[in-house]
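This briefing goes through one predicted protein model, from the chain as a whole to its sheet, its helices and a few loop residues. Please look over the sequence and the structure before reading on.

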Amino acid sequence: MMKNGHNVISPEKRRRAVRVWCDGCYDMVHYGHSNQLRQAKAMGDYLIVGVHTDDEISKHKGPPVFTQAERYKMVRAIKWVDEIVEGAPYVTTLETLDKYTCDFCVHGDDITLTVDGKDTYEEVKRSGRYRECKRTQGVSTTDLVGRMLLMTKAHHSNMGSSDYQQHTDNFGRGPKGHSPWTGVSQFLQTSQKIIQFASGQEPQPGDTIIYVAGAFDLFHIGHVDFLDAVSQLSEKPYVIVGLHFDQEVNRYKGKNYPIMNIHERTLSVLACRYVSEVVIGAPYAVTKDLLDHFKPGDRNQGVMGINKWGINIWQDFYFLTHGIYTSDHTTFHYNSNIP
């Protein structure tokens, strides 16, 4: 647009993208981390996440559970992250924000200290380039480690009790918000939280709908690698993940599982950039009828299902094999590492 011989830039074009910085250990990445990054991304347009090295974490708070390479990959897989910085400094400075042209940094409403007791965000707080987001209640890395270390078989031995029957739908109607299968979790799910994590995108014409199912408990690097591989089976994948209810997971994995309840597992999977949709309480068996349920109106769209044994199902063809499955469309290799 020209005015008085000069180009006039619209307010939309004049507005510069807001770049946001987050940093942390991101060890044993869980939906609390994902929720922090979701909130941070909502404060701007482009989210950069700095991840500390193993040495830095060991120096200030003790050795991490996962290696830095694993933690880098886990953070990259979170769908709200646009870019990661490997080996970010443990103390966040104005120099770091300026180096990556970030307007401000975002952290949860808890204090992070260095080994000598200093606030790692002191400098950016003083300069006014610090924002805070709400910490997700009911989960932390320490909490998850505690669940694994303190859990006994006793809390799974009440399957005939009235309390067990009360929770068979897994929707946590009890006042404490815990499931008898994950006893210690105090996380309360809401429909709003699911909406915040869900993509809300429907399959588009030409998409290949890929269905996988499993427990996806304590969402980890193996799950990310698997879902990444699944998403590469098609040029336009629409990946649907079926999550088994707690009692189903308990049935086939044993009395100590799942560590996370169905609500927590739902958010963990929804936060993954390779996932388009989640089925809460999916049936254990992947059948032709189940895949028919996901078929779109467009018959030219492919529908593929992969069950927990790596058996591939394509459209109307259902075939079980211990090696390679071949249809008229393509060939897939057996994968025994599916969760």
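A residue is called buried when its relative accessible area is under 20%, exposed when it is over 50% and partly exposed in between, computed with a 1.4 Å probe and with protein chains only. By that definition Thr120, at 1% relative accessibility, counts as buried. The model is predicted, so that local features need pLDDT of at least 70 and side-chain atom pairs count only at pLDDT 80 or more, whereas totals for chains, interfaces and linings use all residues. Residues are numbered from 1 along each chain as its sequence is written, and side-chain values use heavy atoms, with hydrogens and water left out.

**The chain as a whole**

- The secondary structure comes to 13 helices and 15 strands, where helices (H or I, at least four residues) and strands (E, at least two) are DSSP runs numbered from the N terminus.
- The chain has 339 residues, and buried residues make up 47% of them.
- Among contacts (heavy atoms within 4.5 Å) with a separation of 6 or more, 70% come from residues 24 or more positions apart.

**The five-stranded sheet**

- Five strands form an open sheet in the order E5-E4-E3-E6-E7 with parallel pairing, two strands being paired if DSSP finds at least two bridges between them.
- Strand E5 (83-86) and strand E7 (130-133) stand at the edges with a single partner strand each, so one side of each is left without a neighbour in the sheet.
- From one strand to the next, the twist averages 30°; axes are lines fitted to C-alpha atoms, for helices over the stretch in contact, and angles run from 0 to 180 degrees between N-to-C directions.
- Strand E3 (residues 19-24) pairs with E6 in the parallel sense over two bridges, and Val20 has Phe104 as its bridge partner in E6.
- H2 packs on this sheet, where it touches E3, strand E4 (46-51), E6 and E7, and its direction makes about 140° with that of E4.
- Helix H4 (residues 68-76) also packs on the sheet, touching E4 and E5, with a direction that makes about 165° with that of E5.
- E3 and E4 pair in the parallel sense over six bridges, and the bridge partner of Asp23 in E4 is Gly50.
- E3 is largely enclosed by the rest of the structure, because five of its six residues are buried.

- Helix H2 (residues 31-42) has 12 residues and reaches 16 Å from its first C-alpha to its last, close to the 16 Å expected at 1.5 Å a residue; the expected span is 1.5 Å times one less than the number of residues.
- H2 is mostly covered, with 11 of its 12 residues buried, including Tyr31, Gly32 and Asn35.
- Helix H12 (residues 262-270) is mostly covered as well, nine of its nine residues being buried, and among them are His263, Glu264 and Arg265.
- The N-terminal end of H12 is capped by Asn261, which has a side-chain oxygen 3.0 Å from the backbone nitrogen of His263.

**Buried loop residues**

- Thr136 is found in the loop between E7 and helix H7 (141-150), and at 9% relative accessibility it counts as buried.
- Not counting residues up to four places away in sequence, Thr136 touches Tyr31, Gly32 and Asn35.
- The side chains of Thr136 and Asn35 are joined by a polar contact of 2.9 Å, a polar contact being a pair of N or O atoms within 3.5 Å; within protein, one must be able to donate a hydrogen and the other to accept it, and residues adjacent in sequence count only if both atoms are side-chain atoms.
- Thr120 has its place in the loop between strand E6 (104-108) and helix H6 (122-126); not counting residues up to four places away in sequence, Thr120 touches Tyr90, Val91, Thr92, Thr112, Leu113 and Thr114.
- Ser234 lies in the loop between helix H10 (221-231) and strand E9 (237-243) and is buried, with a relative accessible area of 17%.
- A polar contact of 3.1 Å joins the side chains of Ser234 and Thr208, while the C-alpha atoms of Ser234 and Asp207, 27 residues apart along the chain, are separated by 8.2 Å.
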